[in-house]
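User: I'm new to this one and would like to go through it with you. Could we start with the ligand and then move on to the backbone?
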Amino acid sequence: MTDNLGSIIRSQVKNKALFEQAKSYAYDYMDTIHDRPVFPSPGVLEKLSVFDEPLPGNMGDSEKILTLLHEYGSPATVAQTGNRYFGFVNGGVTPAAIAAKWLSDVWDQNAGLFVISPIAACLEAICEKWLVDLFELPEKTKAGFVSGTSAATLCGLAAARNFLLKQAGWDVHKKGVFNAPKIKIVLGEEAHSTVFKTLSLLGFGLDDLIRVRTDRQGRMIASELPVLDETTMVIAQAGNVHTGGFDPFHEICDKAHKARAWVHIDGAFGLWAKGSENKKHLTAGIEKADSWSVDAHKTLNAPYDCGVVLCRDEAALVSALQNTGAYIQYGKNRDGMLYTAEMSRRARSVELWATLKFFGRKGIENLIISL
Ligand SMILES: Cc1ncc(COP(=O)(O)O)c(C=O)c1O
């Protein structure tokens with residue numbers, strides 16, 4: 001960093017005008033969100049061309065940068081936080097979580113290792129414990145905090161693939177996936193599109209898949225499951241994005257485990273049904289699976305991006321996502337990168353923790369009942 005750059009940054013940190021300006025724009029956004037269209041008008045979208053310029057040659061003025069964002073960017077957002085947005089299965093955000101996120105933005109923590117961020121590691125451990133408790137999963141289930149369910153499913157299915165191939169005497173780390181023994185992949189006709197993307201990233205093609213017929217709610221018909229064996233990965237769904245349907249987990253998991261197969265559940269928005277006394281019957285049997293993916297940025301209304309992979313077999317998850325280097329110091333405390341595909345990650349556990357602490361069991365119950 002040049003002296004000049006260093007002194008600009010030091011003076012901005014010292015006088016706080018930029019942050020006051022950001023705070024006032026943020027308040028302005030919050031105060032006007034209820035009076036504007038949920039989706040920006042064509043005129044507003046046209047004005048986004050203001051951002052279209054060559055990479056600036058010279059350094060910019062921070063206050064002007066922020067003004068540009070507020071004048072042209074704020075109106076071009078989708079008003080997800082104003083209680084009037086019902087698109088997709090996207091969530092909003094609570095003031096408690098936004099405030100916690102603002103604070104943690106200033107912290108700018110890397111959640112990769114305990115030695116880089118003890119607070120991120122501590123809050124990951126707490127969130128892991130709370131989520132395992134809320135979803136009533138096996139006690140030793142480990143959680144990885146990732147960007148969303150797509151990433152969570154990638155981690156869960158990577159653990160599944162390597163575990164099943166190990167059972168078949170094949171070490172993916174040494175031998176890769178080409179020429180590996182065949183893995184049988186079983187999933188419902190209505191599996192989410194991100195599952196197919198994930199499978200493709202993991203080296204599986206559409207021709208490798210056995211698609212089980214589904215009923216009118218998009219639930220797998222358990223009696224139509226093929227013969228499962230110790231090379232099988234079954235991918236079930238807690239919450240079909242079109243119908244809200246939940247697969248019959250007891251039947252699927254019982255059959256799979258008799259055969260030493262692995263079951264992953266994509267529970268992007270639906271796993272949260274476990275947090276409601278009158279909806280939890282939908283999730284009956286999820287605790288028998290081996291891995292799960294879920295989004296806190298959906299039903300729970302945590303800020304983006306906040307997904308979680310959960311896996312009952314810590315060794316399988318860690319070994320699939322392993323990363324070593326002479327300078328990487330794992331310790332006896334939680335090192336978050338062991339459970340995710342990324343090394344550096346922002347400390348999203350801060351907002352997740354704040355969201356869970358704000359809602360508590362009662363708030364989560366209310367959220368789900370009101371869906
Ligand atoms: C069932 C299901 N699985 C996976 C996803 C993908 O989640 P994400 O966008 O967090 O990657 C979605 C998104 O809507 C979903 O509904």
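User: How far is an oxygen atom of the ligand from the side chain of aspartate 295?
Analyst: In this predicted model, an N or O atom in the side chain of aspartate 295 is 2.5 Å from an oxygen atom of the ligand. The side chain of lysine 298 also has an N or O atom 3.0 Å from a ligand oxygen, while threonine 149 has a backbone N or O atom that lies 3.0 Å from an oxygen atom of the ligand.

User: And how much of the ligand's accessible area does the protein cover?
Analyst: The protein covers 84% of the 390 Å² of accessible area that the ligand has on its own, and the ligand sits in the second largest pocket.

User: Which residues are around the ligand?
Analyst: There are 15 residues surrounding the ligand, and the closest are Thr149, Ser150, Asp266, Asp295 and Lys298. Sorted by class, this shell has four nonpolar, eight polar and three charged residues.

User: New topic: which peptide bond is cis?
Analyst: The bond from tyrosine 304 to aspartate 305 is cis, with omega near -10°, and aspartate 305 is in the loop between strand 6 (291-295) and strand 7 (307-311).

User: What about phi at aspartate 108?
Analyst: Aspartate 108 has a positive phi of about 50° although it is not a glycine, and this residue lies in the loop between helix 5 (95-107) and helix 6 (118-134). For background, most residues other than glycine have a negative phi, and most peptide bonds are trans.

User: Last one, what is at the start of helix 4?
Analyst: There, a side-chain oxygen of aspartate 61 reaches to within 2.9 Å of the backbone nitrogen of glutamate 63.

Terms used. Residues are numbered from 1 along each chain as its sequence is written. This is a predicted model: local features need pLDDT of at least 70, side-chain atom pairs count only at pLDDT 80 or more; totals for chains, interfaces and linings use all residues. Side-chain values use heavy atoms; hydrogens and water are left out. A polar contact is a pair of N or O atoms within 3.5 Å; within protein, one must be able to donate a hydrogen and the other to accept it, and residues adjacent in sequence count only if both atoms are side-chain atoms. Helices (H or I, at least four residues) and strands (E, at least two) are DSSP runs, numbered from the N terminus. A residue is near a molecule or strand if one of its heavy atoms lies within 4 Å of it. Accessible areas come from the Shrake-Rupley method with a 1.4 Å probe; for residues, only the protein chains shown count as cover. On a 1 Å grid over the protein atoms alone, a cavity is a set of points where a 1.4 Å probe fits but cannot get out, and a pocket is an open set with protein on both sides within 12 Å along at least five of seven lines; lining residues have an atom within 4 Å of a point. A molecule sits in a cavity or pocket if more than half of its atoms lie within 2 Å of its grid points. Ala, Val, Leu, Ile, Met, Phe, Trp, Tyr, Cys and Pro count as nonpolar, Asp, Glu, Lys and Arg as charged, and the others, Gly among them, as polar.
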